[in-house]
Amino acid sequence: KRSKIRIALDGPAAAGKSTIAKVLAEELGFIYIDTGAMYRTLTYKAIQLKIDVENEKELSNLLLNTLIELIPGAKGQRVFLDGQEVTEKIRSNEVTSQVSMVAKHKTVRDEMVKRQQKLVEDGGIVMDGRDIGTHVIPDAEIKVFMLASVEERARRRFEDHKKQGIKSSLETLQKEIEERDFLDSTRAASPLQKAEDAVELDTTSMNIEEVVKTILHLVDTRGGSV
Ligand code: CDP
Ligand code: CDP
């Protein structure tokens, strides 16, 4: 039942998508694809080139001339922009604060989705993002919409930053998350939305192990039956 299925994981910022996706992929021997990293990489390049994040035409042209590679590594997925590693650079506050502006453009999204769908062809993948269940893999065998209260999500991100030695305040993080969620869920082109047939999972009071167990149970009971 677990063979070559596709798991679509969507939800707001810092809900735990990438953490859970990584563990699931490992458990199942699947490939993990972080689509947020693709939007972050384009945003990073646009910032370097001083391209206005409101300029849809320039951004989508830029994307057509941009190579984004996601390569599985021992410590998780590594990201390469035009052959150069940008794994850490795309997590900066500057990128985080602008990525939703870049990601709102329809022509940018169309090209990203095209690339993402190519990565999915063979199945055996866990993909996380905002529009995976609704647009990228509308016929995914498993769809999960992962939620947690914004306070809990800010707390989780705060702990991440503390561990990495990044100074930040809980208040600022919560504001940043709220702003990004607002932009992501109100844009016209494939907004952040639960797919009709997605399983909603509120992880506010669940630890990582519990979330993984719940989804593996879904895989074993529903996987491949679609
Ligand atoms: O990990 P975090 O929640 O901070 O965000 P991410 O998954 O790295 O995504 C960064 C941003 O990319 C999101 O806030 C969205 O604006 C955009 N994104 C998107 O529009 N569609 C996706 N499938 C994935 C990300
Ligand atoms: O990918 P996304 O932005 O949705 O979130 P993440 O970066 O995977 O998760 C943010 C933080 O929350 C990570 O440090 C996870 O370890 C933590 N987390 C948690 O404490 N409990 C969960 N049930 C899920 C994630």
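**View 1. Salt bridge between Lys 104 and Glu 54.** The side chains of Lys 104 and Glu 54 form a salt bridge with an N to O separation of 2.8 Å (a side-chain nitrogen of Lys or Arg within 4 Å of a carboxyl oxygen of Asp or Glu). Lys 104 sits in the loop between helix H4 (93–103) and H5, and Glu 54 in the loop between helix H2 (35–48) and helix H3 (56–64), so the pair ties together parts that are 50 residues apart in sequence. Helices (H or I, at least four residues) and strands (E, at least two) are DSSP runs numbered from the N terminus. Lys 104 is partly exposed at 30% relative accessible area, and Glu 54 is partly exposed at 44% (buried is under 20% relative accessible area, exposed over 50%, partly exposed in between; 1.4 Å probe, protein chains only).

This is a predicted model, in which local features need pLDDT of at least 70 and side-chain atom pairs pLDDT 80 or more, while totals for chains, interfaces and linings use all residues. Residues are numbered from 1 along each chain as its sequence is written, chains are lettered from A and ligands numbered from 1 in the order in which they are written, and side-chain values use heavy atoms, without hydrogens and water.

View 2. Arg 153 and Asp 181 meet through their side chains at 2.9 Å, N to O. This pair links distant parts of the chain, with Arg 153 in helix H7 (residues 150–163) and Asp 181 in helix H8 (residues 170–186), 28 residues apart. Both residues, Arg 153 and Asp 181, are buried. Asp 184 forms a salt bridge with Arg 187, with the closest N and O atoms 3.5 Å apart. Asp 184 and Arg 187 are buried.

View 3. An unreviewed UniProt entry lists Pro 12 and Gly 16 among the residues of a "binding site"; UniProt positions follow the numbering used here, feature names are shortened, and annotations may be inferred rather than shown by experiment. Pro 12 lies in the loop between strand S1 (6–10) and helix H1 (17–28), and Gly 16 is in the loop between S1 and H1. Pro 12 is buried, at 7% relative accessibility. Leaving aside neighbours within four places in sequence, the contacts of Pro 12 include Arg 130, Met 146, Arg 153 and Asp 181 (heavy atoms within 4.5 Å). With residues up to four places away in sequence not counted, Gly 16 touches Met 146 and Arg 156.
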